[in-house]
Amino acid sequence: MGRKISFMHLWYLDHISWNIDYQDYYKCDPHDFDGTDAQKRMVMGGEAAMWGEMVDATNVIQRIFPRTSAVAEKLWSSAKFTKADPATVWPRLQEMQCRMVRRGFPAQPGYGPGFCEVEYEPNLPDFDN
């Protein structure tokens, strides 16, 4: 007997560090725990969670992306693909960040300053008028 579960404790996005944290999220594996094969088969997947103690509408998008992109690739791709060095995921995350910026989302660079063909343009109020 048992219940199917989805892990969330691996990916709390509000635990932000100065480090390149997308790599830590990419290293997490919801099947990596002390349990039997039968117990591990009960794991359906995972979930990224963003709590509100340190975020509001002004910074939530930047905190979520590109971190959730790393989590999504980890959960939706085969283990053979995601067991690679986490540093190899960066080009795909950079591409996703630039895609989001082109679509108007203020996605945060995940590996320090980078380059996108389109720069995010915030819609700031015009205080001169």
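This is a predicted model: local features need pLDDT of at least 70, side-chain atom pairs count only at pLDDT 80 or more; totals for chains, interfaces and linings use all residues.

Analyst: Residues are numbered from 1 along each chain as its sequence is written, and side-chain values use heavy atoms, with hydrogens and water left out.

User: Which residues form an aromatic pair, and what is its geometry: stacked, edge-to-face or tilted?

Analyst: Rings of Phe, Tyr and Trp (its six-membered ring) pair if their centres lie within 6.5 Å, and planes under 30 degrees apart count as stacked, over 60 as edge-to-face and the rest as tilted. A search of the whole structure finds one such pair. With 6.3 Å centre to centre and 40° between the planes, Tyr 12 and Trp 51 form a pair that is tilted.

User: Is Gln 97 buried or exposed?

Analyst: Buried means under 20% relative accessible area, exposed over 50% and partly exposed in between (1.4 Å probe, protein chains only). The relative accessibility of Gln 97 is 7%, so this residue counts as buried.

User: Which residues make up the largest nonpolar core?

Analyst: A nonpolar core is a set of buried Ala, Val, Leu, Ile, Met, Phe, Trp, Tyr and Cys residues joined through side-chain atoms within 4.5 Å. The largest one has six residues, namely Tyr 22, Tyr 26, Ala 70, Val 89, Trp 90 and Leu 93.
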